[in-house]
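User: I have a model open beside its sequence, and I would like to work through it with you by question and answer.

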Amino acid sequence: MRESLIPVVLMSHTAHIRNHRKPRRNASTLAMRAGVAGGVLSTLAVAGAAGSANAAEPVTQTLELPTLTADLATQLAQSADATQQAAANYELQAERDAAAAKAAKQAKADLADAKKKAEAKKKAEDARKAAAAQAASRSSTRTVLSSSAGSSGSSSSTVSAPASGSVATVIAFLKAQVGDAYVMGGTGPNAWDCSGLVQAAFRQVGVDLPRVSQDQSTSGTPVSLSNIQVGDILYWGSAGSAYHVGVYIGNGQYLDAANPSKGVVIQDLSGYPATGAVRVL
């Protein structure tokens with residue numbers, strides 16, 4: 001059997017060291033690289049031309065932008081108008097609600113006022129009827145008093161002793177006027193001032209007194225306040241210049257036409273002590 005022989009090549013002692021020189025490029029490699037480079041350059045050129053063409057015609061890409069912007073502005077304007085209209089509607093509704101509430105409140109107030117006026121009118125009518133009935137009663141009483149004044153004096157159980165029949169007539173007349181109004185210068189029959197009432201009362205028994213309080217305070221016989229009797233005339237102020245008069249009716253009380261707020265009333269002498277007194281009966 002034959003053995004294969006392997007040729008042995010002797011190597012240089014520097015063959016294991018890497019050669020740092022650039023290897024030579026053969027012609028085919030250079031040609032291939034040149035073609036690739038040319039293709040790349042051609043592609044770049046075409047792309048640059050296309051880019052230049054696109055840059056030269058910006059209108060094609062931006063033609064619709066104004067249209068889009070105008071539509072958006074229109075939509076925004078419509079939205080703003082709708083919002084403003086809604087706000088106006090809300091405000092109008094609020095005003096209507098407020099007006100309705102105010103009208104309801106006013107109607108309620110008017111109804112309450114009408115009720116009050118109706119009640120006041122009814123009270124006034126009732127008071128008028130009561131006053132008419134009272135006036136009729138007073139007229140009847142005055143007629144009886146006038147008749148009794150013309151007859152001989154007879155005693156009356158309405159006034160305690162030592163009142164005479166004439167004094168009883170005066171007191172009865174005065175009490176019949178309680179509730180009448182006070183009017184300056186009034187002489188009856190339903191409104192009096194202080195001296196007008198006293199003059200009318202004593203006229204019932206034929207005593208003609210002066211008209212004013214100053215003169216009445218000096219008519220008759222002066223008496224001390226500790227000795228006054230029913231029917232004595234009381235006065236306030238100095239004798240001859242008195243500013244007010246009344247008639248003592250017993251039990252520490254007097255009757256007078258007091259003032260516009262009180263009218264004809266019965267009062268306690270202790271609450272408003274008199275200055276002096278005179279007796280004419």
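User: Which residue is the bridge partner of Gln 253 in β7?

Analyst: This is a predicted model, in which β6 covers residues 253-259 and β7 covers residues 263-268. These two strands pair in the antiparallel sense over six bridges, and a hairpin joins β6 to β7 through three residues. In β7, the bridge partner of Gln 253 is Asp 268.

User: How many bridges hold β5 and β6 in their pairing, and in which sense do they pair?

Analyst: β5 and β6 form a hairpin with two residues between them. One of the bridges between these strands involves Val 247, whose partner in β6 is Leu 255. The pairing of β5 with β6 runs over three bridges, and its sense is antiparallel.

User: On the other pairing of β5, which residue is the bridge partner of Leu 234?

Analyst: Strand β4, residues 233-236, pairs with β5 in the antiparallel sense, and four bridges are found between them. Leu 234 has its bridge partner in β5, and that partner is Gly 246.

User: Is strand β5 largely enclosed by the rest of the structure or largely open, and why?

Analyst: Strand β5 spans residues 244-250, and burial here means under 20% relative accessible area. Seven of the seven residues of β5 are buried, so the strand is largely enclosed by the rest of the structure. For the protein as a whole, buried residues make up 24% of the 281 residues. The answer for β5 is therefore largely enclosed.

User: Is Asn 251 buried or exposed?

Analyst: Asn 251 lies in the loop between β5 and β6, and has a positive phi of about 60° although it is not a glycine. The cut-off for an exposed residue is over 50% relative accessible area. Asn 251 has a relative accessible area of 77%, so it counts as exposed.

User: Which element gives the most to the largest nonpolar core?

Analyst: The largest nonpolar core has 26 residues, and those with the most contacts inside it include Ile 171, Trp 192, Phe 202 and Ile 233. Helices α4 (165-176) and α5 (194-203), together with strands β4, β5 and β6, each supply at least two residues of this core. With six residues, the element that gives the most to this core is α5.

User: Which residues does Phe 202 contact, leaving aside its neighbours within four places in sequence?

Analyst: Phe 202 is among the residues with the most contacts inside the largest nonpolar core. Leaving aside its neighbours within four places in sequence, Phe 202 is in contact with Val 170, Val 207, Leu 209, Gly 231, Ile 233, Val 247, Val 280 and Leu 281.

User: Where is Pro 189 found, given that a cis peptide bond joins Gly 188 and Pro 189?

Analyst: The peptide bond between Gly 188 and Pro 189 is cis, with omega at about 5°. The strands on either side of this loop are β1, residues 181-182, and β2, residues 191-192. Pro 189 is found in the loop between β1 and β2.

Note on methods: Residues are numbered from 1 along each chain as its sequence is written. This is a predicted model: local features need pLDDT of at least 70, side-chain atom pairs count only at pLDDT 80 or more; totals for chains, interfaces and linings use all residues. Side-chain values use heavy atoms; hydrogens and water are left out. Buried means under 20% relative accessible area, exposed over 50%, partly exposed in between (1.4 Å probe, protein chains only). Two strands pair if DSSP finds at least two bridges between them. A nonpolar core is a set of buried Ala, Val, Leu, Ile, Met, Phe, Trp, Tyr and Cys residues joined through side-chain atoms within 4.5 Å. Contact means heavy atoms within 4.5 Å.
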